Amino acid sequence: MADHAPHHAPLALPDDPQLVTNITHFARALRVAGLPAGPGRVADAIRAVEAAGFTARADFYHALMACFVSRPEHRAVFDQLFRLYWRDPRYLEHMMSLLTPQVRGLAEERQARAAEKRAAEALLHGVARDVPEMPEGAPPGTEIEIDATLTMSREERLKTLDFEQMSLAEMAEAKRVIARLSLAVPPLKSRRSVPDSHGARPDWRRTMRQSMKRGGEIAGIARKAPRTRWPALVALCDISGSMSSYSRAVLHFLHAVANEKGAGWARVHAFTFGTRLTNITRHLAQRDVDAALKAAGAEAQDWEGGTRIGACLEAFNRDWSRRVLGQGAVVLLITDGLDRDEPARLAAAMERLHLSARRVIWVNPLLRWEGFAPKAAGIRAMLPHVDTFRAGHNIAALEGLAAALSQPGDAGEKARLMRMMAEG
């Protein structure tokens, strides 16, 4: 009788069983942080370490990275977890301070880099973080300051937190807040008119038609008022590697705007661009935000890639401008302005976009830096051809877009930066 039991390839493990356990725990931390580190990848990692050896740090690092990192956006999380778990034990103290911001004086305070807080939460998942006691041998009078102020609610603090520095839990909560945001816009006055008994202008044609029913006698003067209509919103969202964290949050925001009934927009059109232009408008029409963004991500093949803003804007002007920029459309341009194309080409594409749209609002996450200056060639080429220049790095910045739309004369930071360009 044949033996139908499954046969597995022999798995030779390194001599040190503690290393195998550590690789398994490391994979668990990667899973908590959002990386696909299942049992199959753990087995591959053990085989890779056996083949490459683990005496050299560089070989060990690249062996694990080859097994656990499959997407560019996973690299930052992997690097921070690897540094914390394998290379710098004292780094754990800094990570603990990121997760207990109410305790001061324990570690040097500095702003977390990308993926640091996410890595800390993954590695310290389930670890109790109590307020520490007074250090042994501390001189008399030493105090540990604990910030217990309750002046800002959790949601208010979340609104001012940079998207790039959010943990997984904070980003999930931010998406729920973003789903409640609205982007109201005042209606536009059309040259066409509608009957209005309180209108400021007399309607002589309707007055004469009514008088014909009475044998030419005019019983009253009919009046009319300009008809109002709603503009369309056209969003151009940069999905290159430098914009990854921000573009995902902005797409959640656009989905909420596109699916809000009575928001005022005639229609919301959405395009993504990195190295090529992709129309994702039909995907945002889906009610479920996760399904909508999954479908949009599947169609846009240039996620986390390079940036060719000039070429993508040229493609939009050539293929889509006449279709979607009619009737006074407002353009929302979300990008950091870091471009590989020639500045003259980018400036020409921006000029045509500006002439075709009623208004161009540029949302740039780099504006969050206090010392931001228009030094990059792409930013200098784009800035003269926008009406409003605003930050877009957190929820509060997205809420500020409503103020910009309700005030036609709002230019944001454009005037200040244009002066800097003229002086420099």
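## Contacts, helix packing and salt bridges in a predicted model

T272 touches C237, I239, L251, L277, T278, I280 and A300, leaving aside residues up to four places away in sequence. The model is predicted. T272 lies in strand β5, which spans residues 268-273. With a relative accessibility of 1%, T272 counts as buried, because the cut-off for that class is under 20%. A235 is 37 residues away from T272 in sequence, yet the C-alpha atoms of the two are 8.2 Å apart in space.

### The chain as a whole

The chain has 424 residues, and 44% of them are buried. It contains 18 helices and nine strands. Among contacts with a separation of 6 or more, 74% are between residues 24 or more positions apart.

A43 is found in helix α2, residues 39-52, and is buried, with a relative accessible area of 19%. A43 and T24 are 19 residues apart in sequence, and their C-alpha atoms are 9.0 Å apart. W230 is in the loop between β3 (223-229) and β4 (233-238). W230 is partly exposed, at a relative accessible area of 43%. From W230 to P186 the separation is 44 residues in sequence and 7.7 Å in space, C-alpha to C-alpha.

### Helix packing

Two packed helices are described by the angle between their axes and the distance between the axes. Helix α10 (residues 244-258) packs with helix α12 (residues 289-299) at an angle of about 120°, and the axes are 10 Å apart. That angle makes α10 oblique to α12. The crossing of α10 past α12 is right-handed. On the α10 side the residues involved are L251, H252 and H255, and they meet V289, A292 and L293 in α12. L251 is also one of the residues that T272 touches, and T272 belongs to strand β5.

A second pair is formed by helix α13 (residues 309-319) and helix α15 (residues 343-356), which pack at an angle of about 35° with their axes 8 Å apart. Here α13 passes α15 in a left-handed crossing. The residues of α13 in this packing are I309, G310, A311, L313, E314, F316, N317 and R318. In α15 they meet R345, L346, A349, M350, R352 and L353.

### The buried face of α8

Helix α8 covers residues 168-178, and its buried residues are E170, M171, E173, A174, V177 and I178. Viewed down the axis of α8, these buried residues fall within an arc of 165°, so they line one face of the helix.

### Salt bridges

Side chains of opposite charge can pair when their charged atoms come close. The structure holds eight salt bridges.

| D203 | R206 | 3.4 Å |

D410 lies in the loop between α17 (395-406) and α18 (414-423), while R390 is in strand β9 (residues 388-390), so the pair ties together parts that are 20 residues apart in sequence. Both D410 and R390 are buried.

How accessible is D203, the partner of R206? D203 has a relative accessibility of 12% and counts as buried.

Terms used. Residues numbered from 1 in each chain as written. Predicted model: local features only at pLDDT ≥ 70, side-chain atom pairs only at ≥ 80, totals over all residues. Heavy atoms only, no water. Buried < 20%, exposed > 50% of the residue type's maximum accessible area, 1.4 Å probe, protein only. Helix = DSSP H or I, 4+ residues; strand = E, 2+ residues; numbered from the N terminus. Arc of directions from axis to C-beta. Salt bridge = Lys/Arg side-chain N within 4 Å of Asp/Glu carboxyl O. Axes fitted to C-alpha atoms, helices over the stretch in contact; angles between N-to-C directions. Parallel < 35°, antiparallel > 145°, perpendicular 65-115°, else oblique. Left-handed = near helix turned anticlockwise from the far one by under 90°. Contact = heavy atoms within 4.5 Å.
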